[in-house]
Amino acid sequence: MLARLLSGSLRARRSRVLLALLAVTLGTGVATALGTLALQVGDDLARTLRAAGPNFVLRPEGAAWRPDAGGDTRVARAGVSLPERAVAAMKSTFWKHNVLEAAPELDVSLRIGGQPVEATGTWFARDVTSYDGAWHTGLGRLHPMWRLTGAWPAESSQGIALGRALALTLHASVGDSLRLDAVGGHALVQVTTLVEAGGLDDLRAWLPLPLAQALAKRLGELDRVAVSALVKTEPDAAVPDAGRDPKGYERYMCTAYPANVAGDLAQALPGTEVVPMTELVAGEAGVVRRLHLLMLLLAAAALTASTLGLLSTTTA
């Protein structure tokens, strides 16, 4: 009897039932798709934002410089430095897969044509040996948004890359030869690249790291390592207490928050510390958080529309 009543009701209201099923199917399908898209797009957006440059700096412990967007990038020398193996050490940590790119940096003061010039020695492209195989990184991959005229100098070459504004000041162009004078001697180099980086970097020059170390008389030393790493938004709530909430504390420590990533990377090399560029980290976190909120609102709107469609067909 019940089956007969149900089948009769469905036949009598066939169009309404079909519309209700269509509304439920579309609503849940759209909400599920948006939820899946939010998870994927958030990670993709975070990775895309890493094209803006480094968001962490590995430096000797006790260095005076605290990195921030637009700030001075020179580490106050206090007889401290980093070894070159510091770059490879970051790929031996718990968060090694979150470390995307890195470039060692060594500052050297030069005089070119009688003018003082601040230069940085670095790796432009280098295959670093790690436990997971060769890690191809360097300044070029760390700053993919920089516009180049020419090509980065080879690591073993006597080449130099000039910021666009610095090149105008020196009246230099690609292919020109320049004499560099420094505390460690002098060198004759060829301009291989003009860099349009924006900001103060347009007044800087870049050298192959071995050449910079020789000119600065600091063989095998680094001032810092610029690092690009994927991190998640730091929560507003306080860190869970390990004694009262061990599972919450473990969950917190196993999430790629900036403080966790920085602390783990610093432990890979004693005598160092990793400092986040707070403005960049906070800005990127805000963009990703707003994207997730937008996706959540769209999913809620889809479910609401589905519910209203179901109610309108069943109560009409």
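User: What does E196 count as, judged by its relative accessibility?

Analyst: A residue is called buried when its relative accessible area is under 20%, exposed when it is over 50%, and partly exposed in between, using a 1.4 Å probe and the protein chains only. At 35% relative accessibility, E196 therefore counts as partly exposed. This is a predicted model, in which local features need pLDDT of at least 70 and side-chain atom pairs count only at pLDDT 80 or more, while totals for chains, interfaces and linings use all residues. Residues are numbered from 1 along each chain as its sequence is written, and side-chain values use heavy atoms, with hydrogens and water left out.

User: Which side chain meets E196 in a salt bridge?

Analyst: A salt bridge requires a side-chain nitrogen of Lys or Arg within 4 Å of a carboxyl oxygen of Asp or Glu. Here the side chain of E196 meets that of R147, at 3.9 Å from N to O. E196 belongs to strand β10 and R147 to strand β7, so that the pair links distant parts of the chain, 49 residues apart. R147 is exposed, because its relative accessible area is 57%.

User: How many salt bridges does the structure hold, and which residue pairs with E101?

Analyst: The structure holds 11 salt bridges. In one of them E101 pairs with R141, with 3.3 Å between the closest N and O atoms. E101 is in strand β3 (residues 99–112) and R141 in helix α4 (residues 139–142), a link between distant parts of the chain that are 40 residues apart. E101 counts as buried at 12% relative accessibility, whereas R141, with a relative accessible area of 41%, is partly exposed.

User: Which residues are linked in a network of salt bridges?

Analyst: The network links E105, D107, R204 and R224. Within the salt bridge of D107 and R204, the closest N and O atoms are 3.6 Å apart. Because D107 lies in strand β3 and R204 in the loop between β10 (185–196) and β11 (205–208), the pair ties together parts that are 97 residues apart in sequence. D107 counts as buried at 13% relative accessibility, and R204 counts as buried at 11%.

User: What does T120 touch, apart from residues up to four places away in sequence?

Analyst: Contact means heavy atoms within 4.5 Å. With those neighbours in sequence not counted, T120 touches E105, L106, D107, R204, A205, W206, L207 and R224. T120 is found in strand β4 and, at 2% relative accessibility, counts as buried.

User: How many aromatic pairs are there, and how should I read their geometry?

Analyst: A pair of aromatic rings is described by the distance of the centres and the angle of the planes. Rings of Phe, Tyr and Trp (its six-membered ring) pair if their centres lie within 6.5 Å, and planes under 30 degrees apart count as stacked, over 60 as edge-to-face and the rest as tilted. The structure holds four aromatic pairs. The rings of F94 and W95 have centres 4.8 Å apart and planes at 90°, so this pair is edge-to-face. F94 counts as exposed at 56% relative accessibility, while W95 counts as buried at 8%. F124 and W152, by contrast, form a stacked pair, 5.0 Å centre to centre with 20° between the planes. F124 is in the loop between β4 (115–122) and β5 (126–130) and W152 in the loop between β7 (147–150) and β8 (159–163), 28 residues apart. F124 is buried, with a relative accessible area of 6%.

Note on methods
Helices (H or I, at least four residues) and strands (E, at least two) are DSSP runs, numbered from the N terminus.
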